[in-house]
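User: Could you take a close look at one spot in this model for me, and then walk me through the other local features that stand out?

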Amino acid sequence: MDSFFRSEEMCLVQLFFQTESAHNCINELGHLGLVQFKDLNPGTVAFQRRFVKEVKKCEEMERILRKYSRFDKLEQELKEINSNRDTLRQNFTQLMEINHLLKVFDAFLFYLHDRFVAGVIKHERFPAFEKILWRLFHGNFVLRHEDPVKKDVFVVFVQGDQIRGKIRKLCDGFHASMYPCPNNAYARKEMRTNVNTRIEDLRLVLKRTEEFRETTLTAAAANLQEWASKVKKMKAIYYTLNLCNIDITQKLIVAEIWCPVSDLNSVHTALIHGSEQSGSSLSPVVNRIQTQQTPPTFNRVNSFTSGFQSIIDAYGVGNYQEINPAPYTMVTFPFLFAVMFGDCGHGLVMTLLALWLILHQEHFRKLKNELIDMLVDGRYIIFLMGLFSIYTGLIYNDCFSKSFNVFGSSWSVRPMFHPHGPWTNDTLHDSGHLHLDPLVSGVYSGNPYPFGVDPIWNIASNKLSFLNSYKMKMSVIMGVAHMLFGVTLSLVNYIFFRNLKDVALQFIPEVIFMLSLFGYLIFLILYKWCVVMKSESAPSILLLFINMMLFDYSSEGTVLYRTQKPVQIFLVVVAVLMVPWLLFAKPLLLYRKHKQLKFLSLPFCLSLFFGVKKAFVSLQVSMADIFVYQGIHTIEYCLGCISNTASYLRLWALSLAHAELSEVLWKMVLQVALRVTSGMGSVLLAVTFAAFAVLTVTILLVMEGLSAFLHALRLHWVEFQNKFYKGSGYKFTPLSFNRMRDMQ
Amino acid sequence: MVSCLFCGPKLAACGIVISIWGVIMLAMLGIFFTTHSAVLIDDVPFKEEDMHNDQDPPHNIYKLYNQVGYNCFIAAGIYVLVAALSFCQIKLNHRKEYMVR
């Protein structure tokens, strides 16, 4: 199934269903999420549509629910419940105090005074209370107290009413609560049972109040979410119904939908299910119709591929059934990123970060932050970018700007000294810089470092001369390969659309042009890398190429191989011949075809004089159009070949910038702490490392990562895709309740 | 018991991430210094005298290498402590979350 290599085949289907089952059927289709409704009433304005009242009702309900969600009404209810609870609690405490009072009162019964004041006072206030009582009444009272809970229960036995009044005032001053206690035991017992029952009742009431509060709150919260989503669904359904046609009898609804061919069966089943739910007798009719209109572009994606598809669609949604660049992008995009990022330490940190994003995906989505949402959507892209960066970091032999020496360097310094080579101990004293000469035997072992760049380049001072040349040539090779791949994809497109004329008129001259000039450049690079020659006399490839284009073979020593001159002349002539082929072949053929058609149709149109004239005018207009279009395409392609190849040099530029930034960060931050060997060196190193880590993440990972991401994306969007991608389709947007829920 | 919580959950998480990175990277650096890797020559603070007045070359340079290596190991040890501290803070933060609820 090549459904991801190009967009799916879509079909236009007419649906007929009864008005009663309309709501249920569309509900089922919405849950399925595979059909896009076409607007059958494009001329009508919003308020002229059939179901406009229902849509307005739904919007009204949405508004109310939104206000509800601010908990205005709920707040009021909550306040009421809370105040009730507080009063109940107060009553409860009072009753408990009375209970305690009565319990201990019996203990004081042997005092014969019958005038007393009984109450409850806070424990810490009791000593002061007692002192003041003594000061006032000089011992003409009996005070007994007990201390059941935090509060003290006290009884003051006195003689005389006046004193009682004064004690009452004193109790008020101390905020002690007084309770009337009956004199005889029987009344007291009654009071006790009374109080106990009241306490039990209050306990029950308090418990019930709590439970009621809980249930109200939870019920409201759960319902709110449910109501909101229901209203949204209803609104979507009524909006969809507005797009359909209702026939004269008001009993039948006609809808036209775009649907993937492979999903027709599931759509049919969903409709039958919907009509059964609504209890209607007739099942909906599904009728596939032929059409000349362009269907929407539908690429079936899963959570891994959706990231890559979205970055392709951001530039332009592909034409219907055009080649989809997304599957190739899944490999080339992280690879081109990694060529520009190339550091295995940073790649490892990026991979671990992406792994954390992947594993904790729901937790990050709950935060509902736009930036974090974007990061989470691209988590698989970041993961692949990190993995590929580890690989290119190992190739560039660069880990936080230091190299690994795993296999042993192929260069050796000792053979440069006597008796092998020219150096002596004095040579070391005199010069600041020394050259290792590979022609001295033993200096270069003859076997290149097995994997990646030799670690000795990391400590060489002419490291950049070597690496620049290497990276530039590598960028050009990768660029030409990427562009050739793009041109080949256009061939696949032509074959799929049975457009074999364009294969001969466009694909072949394009490919020959690119191969003869830039393919030859690649050949020169690879040849110069593989063949052994003296470095002083090796010709510069750039000069060779320029002289080739100018047909300048006068300067000496400008040949890499014997038959270079005739080969180059041939290639340039072929490339130049491709330009008129591209420019004129297709328009001239079209012109001849139109002239033939005009000649054939002339006898039939004698009576329609104006028709013929119009056809002739349109023929002229369209021919000019075609010539101009072809001219633009030719210039764009040919000049674009050169500029796009140079554009790929950004792969070199960004990787150089990254390597240099990384080295500067090490030298300026971490090396300062490493070179301190005295006492507190390790503490300084610990602190400096934290700064190094923070700077690495912010500058090298975030800033450079974004930059390399952007440039890799541009290389795909412009240099790769303008060889084959039209990108002027429209996206398939099905009615899907899942998508609506995810978007809110 | 006095509350030992002095940083929020985000700071503690950053702390533990940097500590783990620090432990691994500084330990590896320490190993590479003590095995006298040539690539790290620029990070060793040797002076002209170390090279000239050496009885038994390159012993002086190797001694300097070892010193830097031990510094790295000690710094890695410091980060182990910081990691343990951050981990405790994370645990305390979690407990506080549960208690408030």
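What relative accessibility does K368(A) have, and does that residue count as buried or exposed?

Analyst: K368(A) counts as exposed, because its relative accessibility is 62%. For that label, buried means under 20% relative accessible area, exposed means over 50%, and partly exposed is anything in between, using a 1.4 Å probe and protein chains only.

Before going further, a word on the ground rules. This is a predicted model, where local features need pLDDT of at least 70, side-chain atom pairs count only at pLDDT 80 or more, and totals for chains, interfaces and linings use all residues. Residues are numbered from 1 along each chain as its sequence is written, chains are lettered from A and ligands numbered from 1 in the order in which they are written, and side-chain values use heavy atoms, leaving out hydrogens and water.

Back to your residue: K368(A) sits in the loop between α11 (361-366) and α12 (370-377) of chain A. Helices here are DSSP runs of H or I with at least four residues, strands are runs of E with at least two, and both are numbered from the N terminus. The backbone of K368(A) has a positive phi of about 55°, although the residue is not a glycine.

H36(B) is partly exposed, because its relative accessibility is 26%.

Another backbone feature is back in chain A, where H418(A) and P419(A) are joined by a cis peptide bond with omega about 0°. P419(A) is found in the loop between α13 (379-396) and α14 (425-430).

In the model, residues 379-396 are 100% helix and 0% strand, with end C-alpha atoms 25 Å apart. Residues 567-585 are likewise 100% helix and 0% strand, and their end C-alpha atoms are 26 Å apart.

Now to the side chains. Those of opposite charge can pair when their charged atoms come close. Over all chains, the search finds 16 salt bridges, each being a side-chain nitrogen of Lys or Arg within 4 Å of a carboxyl oxygen of Asp or Glu.

One of them pairs E663(A) with K463(A), with the closest N and O atoms 2.9 Å apart.

Within it, K232(A) and E62(A) meet at 3.9 Å, N to O. That pair is 170 residues apart, with K232(A) in helix α6 (residues 185-243) and E62(A) in helix α2 (residues 52-68). K232(A) is partly exposed at 33%, whereas E62(A) is buried at 12%.

R203(A) is partly exposed at 40% relative accessibility, and E200(A) is partly exposed at 47%.
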